[in-house]
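Hi everyone, thanks for coming. I've got a structure to walk you through today, so let me put it up on the screen.

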Amino acid sequence: MSATRAAESLLALSQQEELEDLPKDYPLSASEDEGDSDGERKHQKLLEAISSLDGRNRRKLAERSEASLKVSEFNVSSEGSGEKLVLSDLLEPVKTSSSLATVKKQLNRVKSKKTVELPLNKEEVERIHREVAFNKTSQALSKWDPVVLKNRQAEQLVFPLKKEQSAFAPIEHVLSGWKARTPLEQEIFNLLHKNKQPVTDPLLTPVEKASLKAMSLEEAKMRRAELQRARALQSYYEARARREKKIKSKKYHKVLKKGKAKKALKEFEKLQKVNPSAALEELEKIEKARMMERMSLKHQNSGKWAKSKAIMAKYDLEARQALQEQLARNKELTQKLQAASKSEEEEGGAEEEDELLVPEAVNEVQMNADGPNPWMLRNHPSDAKEAEIQKDPEQLSEPVAHEASESEGEESPLAEEEILLKELEERRSLRKKSGLNQDSEPVGRQETKDSSSQEVLSELRALSQKLNKENHQSRKQKVSSARTVLPVQREEPAEEEEPLLLQKRERAQTLEELEELGEEGCFQDKELPRPALDGQQLERNPNNQPGAPKEKTKKEQMIDLQNLLTTKSPSVKSLAIPTTIEELEDEEEKDQRQMIKEAFAGDDVIRDFLKEKREAVEASKPKDVDLTLPGWGEWGGVGLKPSAKKRHRFLIKVPEGPSRKDKNLPNVIINEKRNIHAAAHQVRVLPYPFTHHQQFERTIQTPIGSTWNTQRAFQKLTRPKVVTKPGHIIKPIKAEDVGYRSSSRSDLSVVQRNPKRLSIRHKKQLKKNSVD
Amino acid sequence: MLSRNPDNYVRETKLDLQRVPRNYDPTLHPFEVPREYMRALNATKLERVFAKPFLASLDGHRDGVSCLAKHPKSLATVLSGACDGEASVRIWNLTKRKCIRAVPAHEGFVRGICTRFCGTSFFTVGDDKTVKQWKMDGPGFGEEEEPLHTILGKTVYTGIDHHWKEAVFATCGQQVDIWDEQRTNPICSMTWGFDSISSVKFNPIETFLLGSCASDRNIVLYDMRQATPLKKVILDMRTNTICWNPMEAFIFTAANEDYNLYTFDMRALDTPVMVHMDHVSAVLDVDYSPTGKEFVSASFDKSIRIFPMDKGRSREVYHTKRMQHVICVKWTSDSKYIMCGSDEMNIRLWKANASEKLGVLTSREKAAKDYNQKLKEKFQHHPHIKRIARHRHLPKSIYSQIQEQRIMREARRRKEVNRLKHSKPGSVPIVSEKKKHIVAVVK
């Protein structure tokens, strides 16, 4: 059905086109209207044109010039002989009849099916197989790359790579396979068996076994060592106790006792915290001890020592003190327990208060120290400091400001923006202050007003600079220093002392320089109206401004041909000719030369060369020998020099040698040191693995012999690259040797499989290749 | 008065070495370099003085020795096949330098011989179209010498090689056949083109790989597992044989008729890794040292040469007055010796390192040897030392051939340069020496 419909539509289209085309053709045909004979041909042409318009069955129609065979009924027309028969052509006459619908359907079905492509020829298929296999194999081989590289670069390779395990058989295995044959052997065996000498596994007699069971050697050793250690410790402690007992100094014993008491107390406190029940027990113990002490009456004034002291106390201050101490102790002991504990608490409280007080005092001291010693300020937060600065700016001396700047410079970059904001505020407040001061200071008024707008600008600029991270590091220091100098400058008008002012002006100058980098001197403008300081500034200018003198020095550094003229060497003489000519030349040329000179200001080639040559000449000249000995024939001593006469006498002058080869060659240095005989032994071309002659020279210069190296270094330096063991078979490297998993499947098993079967991947590739 | 601690200078027993205190301060030793230079020079001279590489000649064959095989388990055993009909395979004991067994293996030439990896048997192929497997041990008293198996083929086999791990061997002739030892038919045949294949070699590391060379100037690689050839490279002239590097899985060296050897990386066949030149006639055989650092080549110019794997020129050349065209060469498994079989029926045994002292060395000797070796290496670029180290005596024929070839090469080069100079820039391509000899790579 669809075919018929298509044919119909085609017909309709062709008719339409015909209609469209006709008017175009008409004038052409009219002009060619010459004869009737042409009419037929034209008609034929027209038909051809129309048929060719139909897109589907466009066919070539052979043009004939000779008498047509077409008409003849005896001949078979050869028209369209080279063409295929198309089904749709056959169908065309069937269009109308409906009886053949089934046939048409079948035909359509056939039409829609695609033909199977021809299989690739055998060579092509084999080629694809090969390619796939090659890729696979080369991939498998590339796993060896690291191993090969490692072996090639290895300092030393020892072959065979895999160490062979020496065949080791235990003695009982050997013995079990061996029989006593000769009478002598039998006799020995009998003897052994009589002794119950075991032949199999643990080759030990029963006695040996028992002894082994008793104690192993290591255990015994350990035990002995332990015992020794214990004994040594004991004797050491004993000796120490004896020594301590012998000490007669009472002070020592007192101190010792006190120390012990303190220690006990500390331990007790610790125990209280950790284990209250144990502490209670301890407390009881202490209590008991106290009671015993009380009962013993040891600290009454009734003892022998106390009595003697009492006698001495009248005259001796120390004795009196000791006595008093004992009394105090007595009191302490005889007091009731409650009271004692209270005092202790009080003491502790007092101590705590002390502890609290002390840091405060220290702090105060530090606070006071702030003023004169700003170095102590370092660790304080910047907020407090800035508050201080705002509180009493007059008090601040310039080192403080300087210090602040340093500390700020050191601060972390994270706080940078905060600081900036604070700084802005600070400046504003300062400005206000200065505004307040205006009344008292009429001179500074104009200036501040003038500068206020510029200040904002400069501040913004500084801010942007700060935020600009690129040159962050380099500028940070400078900017911060500028920042800190600024407030000081604001204060200037308030302080009227001249020298101080001057000093500060000096600092402001550095700031100006800084600002000049961005935009030339807004501060200078500001300062210009100041009549009082003008002169000073003028004075300062020649000293401090580096601009003009620097330029001068630069000019001096450039190649000065005049300078060259004055040197005596012959080469300069030759150079002198063009220079003298140059002097006569026009000014324009001079200018040009000047420009060139400036352009090549850096490379002073001629002078460098001359210098080099001079040095070479100097170095090659033999030196005079001075044989003067001080003290011979005259007085000697420190600071005395041999006399000129003597020096003259003992100085051996070098005779004039042959003149240098390059004496008359101004542009050449001839090295006269080169020794032809030595050159025969020297390497002329840098050998392959080296990239620079220095590398090579260094390897040559480091000796490897044992004369210059320690034994260890010598062995290391002379290690051969490949070591083989005589009499050992070196087998090819194996995958297992280098840690790879060797393929478990046999090479053979794969061969026996059907090799012609293609995997899916192969098929894909095959298809791809066929498309190509 | 000087007083020293005797511990510092007195030895503990009489057998100890005397202590020699030494100051290693470099300022005290100003002549280190000249002294070491002299030592290096002397070491080089002594090396040349002691260079006596020839050890023994094994005679017994009645015709030229055509093939050699190493025993995989025993260093002292060597097998050889010759071109004579009777007793054409001989087994030699190197320590006694005697033939221990003679096997009349084939009628006519024995073309190839190889041992099984376990060392219990060996295979031979001959001109009589047979493959024979023999026991390594000789027949008992009264028994007749008979092969274990005989396979009758349709065509002449020209070479044989055994797999390194399995009971498989490969033969070559008109095609490469892979055989199971138990079967009389090949389990797999691989062909590519129709020319006769002269040699086939298994890769010792990746054992499923094979390389072969045919008389139509090509080298073909095969994969046994996938039963297909992989790639083919066509050279200027015929390759006689190839040898795989036993330490580097993808490297092999081909001995070519154009006097050169080519070392290839099998993954990139279009450019050889190195071209080894020095022979003045066709190279007939090549074998790698088991360390994989060097290989030895046998040539028709009656000499054998030892090349480092990564150098273009040989480090050593061995020849004798009586040695004729060398047909086969092998490097022993302990990497100390080289054997070569030549046309005039002898097998010769050489030291791999010409001046090496054989036998056990004392530790001092060993240290001195190592030191001298390092010195020679250190000063090898100095002209005098280089000249002495490179000096070799060559037979007149080889010497004159070298001169002649140098002139020829120079002329060719000159012509090339001239052509390049007088033609439009870019129209004459500059081809490197490595690429010059490769005709094509066929996928």
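Let's start in chain B, with helix H1, residues 32-49, and helix H2, residues 363-378: their axes come within 8 Å and cross at roughly 105 degrees. An angle from 65 to 115 degrees counts as roughly perpendicular, so that's how H1(B) and H2(B) sit relative to each other. Bear in mind as we go that this is a predicted model.

Who's touching whom there? On the H1(B) side you've got Glu36(B), Arg39(B), Ala40(B), Ala43(B), Thr44(B) and Glu47(B). Facing them from H2(B) are Tyr371(B), Asn372(B), Leu375(B), Lys376(B) and Lys378(B). Sort that contact between H1(B) and H2(B) by class and you get five charged residues, four nonpolar and two polar.

Now, H1(B) has another neighbour to look at. That's helix H3 of chain B, residues 383-390, which packs against H1(B) at an angle of about 10 degrees, with the axes 9 Å apart. So H1(B) is roughly parallel to H3(B). From H1(B), the residues in this contact are Tyr37(B), Ala40(B), Leu41(B), Thr44(B), Lys45(B) and Arg48(B), and from H3(B) they are His384(B), Ile385(B), Ile388(B) and Ala389(B). The class count for H1(B) with H3(B) is six nonpolar, two polar and two charged residues.

Okay, on to where the chains meet. How many residues of chain A are in contact with chain B? It's 62, and they touch 65 residues of chain B. The area buried between the two chains is about 5800 Å², and carbon and sulfur atoms give 63% of that. On the polar side, 19 residue pairs are in polar contact between chain A and chain B, counting pairs with both residues at pLDDT 80 or more.

Which elements of chain A supply the touching side? Those giving at least two residues each include helix H6 (145-153), strand S1 (157-159), helix H31 (693-701) and helix H5 (122-141). H5(A) gives the most, with nine residues. That side of chain A divides into 29 nonpolar, 21 polar and twelve charged residues.

There are three salt bridges across this interface. One to zoom in on joins the side chains of Arg152(A) and Glu248(B), at 2.7 Å from N to O.

Over all chains, the salt bridge count comes to 28. Here's one inside chain A: Glu634(A) with Lys646(A), at 3.8 Å, N to O. Glu634(A) is in the loop between strand S2 (625-626) and helix H29 (644-650), while Lys646(A) is in helix H29 of chain A, so the pair ties together parts twelve residues apart in sequence.

Last, a couple of backbone spots. In chain A, the peptide bond from Phe159(A) to Pro160(A) is cis, with omega near -5 degrees. You'll find Pro160(A) in the loop between S1 and helix H7 (171-176) of chain A. Over in chain B, Lys129(B) isn't a glycine, yet it has a positive phi of about 60 degrees. Lys129(B) lies in the loop between strand S7 (121-126) and strand S8 (130-135) of chain B.

Technical notes: Residues numbered from 1 in each chain as written. Chains lettered and ligands numbered in written order. Predicted model: local features only at pLDDT ≥ 70, side-chain atom pairs only at ≥ 80, totals over all residues. Heavy atoms only, no water. Axes fitted to C-alpha atoms, helices over the stretch in contact; angles between N-to-C directions. Helix = DSSP H or I, 4+ residues; strand = E, 2+ residues; numbered from the N terminus. Parallel < 35°, antiparallel > 145°, perpendicular 65-115°, else oblique. Contact = heavy atoms within 4.5 Å. Nonpolar A, V, L, I, M, F, W, Y, C, P; charged D, E, K, R; others polar. Buried area = accessible area lost by both parts, 1.4 Å probe. Salt bridge = Lys/Arg side-chain N within 4 Å of Asp/Glu carboxyl O. Polar contact = N/O pair within 3.5 Å; in protein donor to acceptor, adjacent residues only side chain to side chain.
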